[in-house]
Amino acid sequence: MNERQLQILRELGELGSVTATAEALLMTPSAISQQLRLLQRSIPVPLTERDGRRLVLTDAGQALAGAAIEVETALARARHTIEEFVDQPDADVSVAAFHSAAASFFPLLLAQAGPGRPQLSLADQDVAQDHFPRLTRDYDLVLAHRLDRAPPWPATVTAGTLLREPLDIALPTDHPLAAKPHLTPRDVADQPWITVDDGFPLMATVDAIATAANRRLDIVHRINEFAVVAEVVAAGGGLALMPRWTTRPHPEVILRPLSGVHARRRIDVLHRPERVARRAVRMALTELRRAAATIQSRDVGASSDAQETLADEA
């Protein structure tokens, strides 16, 4: 038996005829009769009987019709609960982000918290690039990164770009190359390097630098956390690629734009399509976009050289 069959039985008991039931439910009389036959197959006692030309309910049919009222009431209550859940602005929303995005986006999201706003649950998840889509099983929204020209995310997730962020060369403030307004692969290829682990997006740009300079880079350290990278750069441990907007400035580290290779990454927000049926998730998405605009606006000190570099890359 199903909800529709029980509804038909209930209406038949109240209206007293197949024709009236069909009119009330916007069905044909033959469709009503077919559903009643299907319902009867699952019940061991007769539910209807003939009273002259009318089809009426038996005692068993009346009992089941009464139960149908309880079923419809419970289903209506369940639908109302779901509607409230879907439309609730201050419902729980889980957000995961890789480390540098978490450091930049999470404080801005929390600054918007309050009554009538999504209740955020935040987590840092720094994984290899092809693992980000899997995180959408566990989180409503996932901040992921990939290089600007990398293949798109799989069709199993919905993706939107929050930032297209330049990747700069990080070097100590007293390094001889710090005097240059921008750097080329040949400038930096003979230096010791600090890079991320293989499988992380920035490695493709590191490889592109080596290719453009026509020499192998001397990779001496593998560090994924940019805050640690900055400390190692400041200590003279080597040069590194660092994102321009989402890393915390270090007083002894300077960033210089890189020309000659396409050095830029996307920060995307991934989610399963059904997640945005909830109002709170849509609100959190809007707040992420607003946070991205705030982060990009911090680049007020970008030099004309940096802008020229981006134009060369485009």
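Student: Is the crossing of H5 and H9 left-handed or right-handed?

Tutor: The idea first: a crossing is left-handed if the near helix is turned anticlockwise from the far one by less than a right angle, and right-handed if clockwise. H5 and H9 cross right-handed. Labels: helices (H or I, at least four residues) and strands (E, at least two) are DSSP runs, numbered from the N terminus.

Student: What should I know about the model itself?

Tutor: The model is predicted: local features need pLDDT of at least 70, side-chain atom pairs count only at pLDDT 80 or more, and totals for chains, interfaces and linings use all residues. Residues are numbered from 1 along each chain as its sequence is written, and side-chain values use heavy atoms, with hydrogens and water left out.

Student: At what angle do H5 and H9 pack?

Tutor: Two packed helices are described by the angle between their axes and the distance between the axes. Axes are lines fitted to C-alpha atoms, for helices over the stretch in contact; angles run from 0 to 180 degrees between N-to-C directions. H5 and H9 (residues 279-297) pack at about 120 degrees, with axes 9 Å apart. H5 is therefore oblique to H9 (under 35 degrees is roughly parallel, over 145 roughly antiparallel, 65 to 115 roughly perpendicular, the rest oblique). On the H5 side, Ser-104, Phe-105, Leu-108 and Leu-109 make the contact (heavy atoms within 4.5 Å); their partners in H9 include Leu-288, Ala-291 and Ile-295.

Student: Where is the kink in H5?

Tutor: A bend is the angle between axes fitted to the seven residues ending at a residue and the seven starting there. H5 kinks by about 30 degrees at Phe-105, shortly before Pro-107. Now check the length.

Student: Which residues of H1 are buried?

Tutor: Buried means under 20% relative accessible area, exposed over 50%, partly exposed in between (1.4 Å probe, protein chains only). In H1, Gln-5, Leu-6, Ile-8, Leu-9, Glu-11 and Leu-12 are buried. H2, H3, S1, S2 and H4 are among the elements that cover them. The axes of H1 (residues 3-15) and H4 (residues 59-87) come within 8 Å and cross at roughly 125 degrees. H1 and H4 are therefore oblique to each other, and their crossing is left-handed.

Student: Is Leu-239 buried or exposed?

Tutor: Leu-239 has a relative accessible area of 1%, so it counts as buried. Leu-239 sits in S9 (residues 239-243). Among the residues that Leu-239 touches, beyond four places in sequence, are Ile-169, His-175, Trp-193 and Gln-191. Gln-191 lies in the loop between H6 and S7. Gln-191 is buried too, at 18% relative accessibility.

Student: What is phi of Leu-26 near?

Tutor: Phi of Leu-26 is near 55 degrees, a positive value in a residue other than glycine. Leu-26 lies in the loop between H2 and H3 and is exposed, at 77% relative accessible area. Asn-214 also has positive phi, near 60 degrees. Asn-214 belongs to the loop between H7 and S8 and is exposed, at 67%.
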